[in-house]
Amino acid sequence: MGRKVTVAACALNQWALDFQGNLQRILKSIEIAKRKGARYRLGPELEICGYGCWDHYYESDTLLHSLQVLAALLESPVTQDIICDVGMPVLHRNVRYNCRVIFLNRRILLIRPKMALANEGNYRELRWFTPWSRSRQTEEYFLPRMIQDVTKQETVPFGDAVLATRDTCIGSEICEELWTPHSPHVDMGLDGVEIFTNASGSHHVLRKAHTRVDLVTMATTKNGGIYLLANQKGCDGDRLYYDGCALIAMNGHIFAQGSQFSLDDVEVLTATLDLEDVRSYRAEISSRNLAASRVNPYPRVKVDFALSCREDLLEPPSEPVEWMYHSPAEEISLGPACWLWDFLRRSRQAGFFLPLSGGVDSAATACLVYSMCRQVCEAVRNGNQEVLADVRAIVDQLSYTPQDPRDLCGRLLTTCYMASENSSQETCDRAKELARQIGSHHIGLNIDPAVTAVVGIFSLVTGKRPLFAAHGGSSRENLALQNVQARLRMVLAYLFAQLSLWARGARGGLLVLGSANVDESLLGYLTKYDCSSADINPIGGISKTDLKAFVHFCMEHFQLPALQRILAAPATAELEPLTDGQVSQTDEEDMGMTYAELSVYGRLRKIAKAGPYSMFCKLVNMWKDVCSPRQVADKVRQFFSKYAMNRHKMTTLTPAYHAESYSPDDNRFDLRPFLYNSSWPWQFRCIEDQVRQLESRGRQDLDGVD
């Protein structure tokens, strides 16, 4: 008697609106699942159209093309004799739903709409979809004619139901539903569902991989059962990187782990598990069984199909595995590098152009491109034909096979040190040495003629010549002269990105990479339309602290000794005159605060949702051993004043890889005004009142601050 089931969960690198490519990847995953003996295949959320369609969900074209892909899947011989669970938007009675469409042998079994929509952080699902709110209820869905022609069905069940096969019971929950306080798997499990499926569109955030794993293992520890999680992977057209991590679990243990970062467009996990293990596990949890006897039943869709075979006694079951996590530095080395690869191949550009200053941030960006080249070479060594075809198209050489990351880096990355009279020989040497070690095509140039020409135009028109503060100029003159240098570097970066390959007799243009970190963006410590303005920024969602740890990781793991000098040097913009040939300006002095402090402000502002007064109240306790209340108040006022004055810069921030939950990205993630009253009169007065109270009491014990 059969009781072992083989199930498959997929991670697919889908691309928003790439219906042709998405169809091919879905078919390939089904083919692999069948080859591995699976009888149920689960794909990512909204995999037919790609998760990140955003306002394209409003368009009837998106619905039409999704239906066309569904018809192609139903008709394909590849999808025969396996239950296929695919994701797509569905219009039911003129309302859009985010759905799973589950079918077998050219017949749709169930359309299951999502019941809890993700609507925080980067997610806006309530903008495009409506949640299905009728728990344990279904309606008839009238199929469009193009689907009727294939399935010979007029209507199918639409709603909150489960599948009852000959040998087991299967229930769906979709992404966010796993995160809700009372997830569907709880009641489904109590009602006898033995296999739970979760199709996700979940993106990477540093240090968050364990969250999904913990939720799944806890769900099956408390209730027993088999749990499949599928997820999208890769960059599907914007700032997010979907980080795979497909998994299969049973009774609190992981039995299959998918990669979090990889260049494989299609990854299929399978596990062979014994249904009797679920039943025996549940048998002895008396509290669960008491709750199960009272649960409201789910509508069941009967399926004349078995996931197990009759003769499976000798079929070896899968063994539990220990989940392997990446360190944060490893996550940075892999996630943004994979995102860069997707962006490069899908934009059909010929490589990257990076202004390399000799500092930590641009060095980190260079290391990410080098890490990308390492991953590409490894994928080609492992026989990935899609990656090989993409590389050959990018470098415009059909016979090229990348083997050495340095050689590939020389073809894909052009670095440029843009010196001025304020640049030190030290930073020039550091940039040149790093470029040599990673193999990039390196250019050195001097921007002084352009700066002189631009300032000369101003002097010609106004009769005034601005001076640096070091030469007797005012702070306004000093800042304007710094900004001219910074902005001219951006102009030159785009000129060289467009024409440097032309000058070398090669085809194509280069994507300009930016290197502003998340902390500088938060404070606005950057010049609007300088080298922070680029096509994309792989480090824009990463803190200075994490970047330093990543650069240290690269120094050790990629054998790049040049990074040692870069890490040891103080961070500087080098926009003011040198003193005796040495740097006279450092970032932390300019900002008036340390990068470590900035990270704290960023987390409190965004994650703890603290305004000026709440931030003061929290920090006066956090920093009571190192700062007086007056010093804390001064620091908070300084941060919020600078933040408010510079918030307008976030509106033009280069699209950056999203990695940090306190990102100030104005476009999608951190929605705030960009014109503030930067003196914060009411808020700062509240802080001042608290400081005076504390000072007048002369209390050292600050535990009572509310």
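Reader: Which residue in β10 stands opposite glycine 171?

Author: Glycine 171 has phenylalanine 196 standing opposite in β10. Please keep in mind as we go that this is a predicted model. The two strands concerned, β9 and β10 (residues 195-200), run parallel and are joined by five bridges.

Reader: And how does the chain cross from β9 to β10?

Author: The chain passes through helix α5 (residues 184-190) on the way, and this β-α-β crossover is right-handed.

Reader: Okay, what about β8, how does that strand run against β9, parallel or antiparallel?

Author: Strand β8 (residues 162-164) and β9 run antiparallel, with two bridges joining them. In that pairing leucine 163 has isoleucine 170 of β9 as its bridge partner, and the two strands form a hairpin with four residues between them.

Reader: Why is β9 described as largely enclosed?

Author: Strand β9 covers residues 169-174, and six of its six residues are buried, so the strand is largely enclosed by the rest of the structure. In general, side chains in a regular strand alternate between the two faces of the sheet. Here both faces are covered, with Cys169, Gly171 and Glu173 buried on one side and Ile170, Ser172 and Ile174 buried on the other.

Reader: Switching to the open sheet, in what order do its four strands come?

Author: The order is β19-β18-β17-β20, and the pairing is parallel. The edges are taken by β19 (441-446) and β20 (511-512), each of which has a single partner strand, so one side of each is left without a neighbour in the sheet.

Reader: How many bridges are there between β17 and β18?

Author: Four bridges pair strand β17 (residues 352-355) with strand β18 (residues 413-419) in the parallel sense. As one example from this pairing, threonine 415 in β18 is the bridge partner of leucine 354.

Reader: Now a helix: what span does α9 reach?

Author: Helix α9 (residues 328-347) has 20 residues and reaches 28 Å from its first C-alpha to its last, which is close to the 28 Å expected at 1.5 Å a residue. Of those 20 residues, 16 are buried, so α9 is largely enclosed by the rest of the structure. Just after the helix comes arginine 348, which takes a positive phi of about 60°.

Reader: Last one, what volume does the second largest pocket have?

Author: The second largest pocket has a volume of about 690 Å³. There are 24 residues lining this pocket, and those closest to its centre are Glu120, Tyr123, His203, Val205 and Lys208. Helix α6 (residues 209-223) gives the most to the lining, with three residues, and the lining as a whole divides into eight nonpolar, nine polar and seven charged residues.

Note on methods: Residues numbered from 1 in each chain as written. Predicted model: local features only at pLDDT ≥ 70, side-chain atom pairs only at ≥ 80, totals over all residues. Heavy atoms only, no water. Buried < 20%, exposed > 50% of the residue type's maximum accessible area, 1.4 Å probe, protein only. Pairing = 2+ DSSP bridges. Right-handed = clockwise from strand over helix to strand, strands pointing away. Expected span 1.5 Å × (residues − 1). 1 Å grid on protein atoms, 1.4 Å probe; cavity = no way out; pocket = protein on both sides within 12 Å on 5 of 7 lines; lining within 4 Å. Points joined across faces, edges and corners; volume = space filled by probe spheres on them. Nonpolar A, V, L, I, M, F, W, Y, C, P; charged D, E, K, R; others polar.
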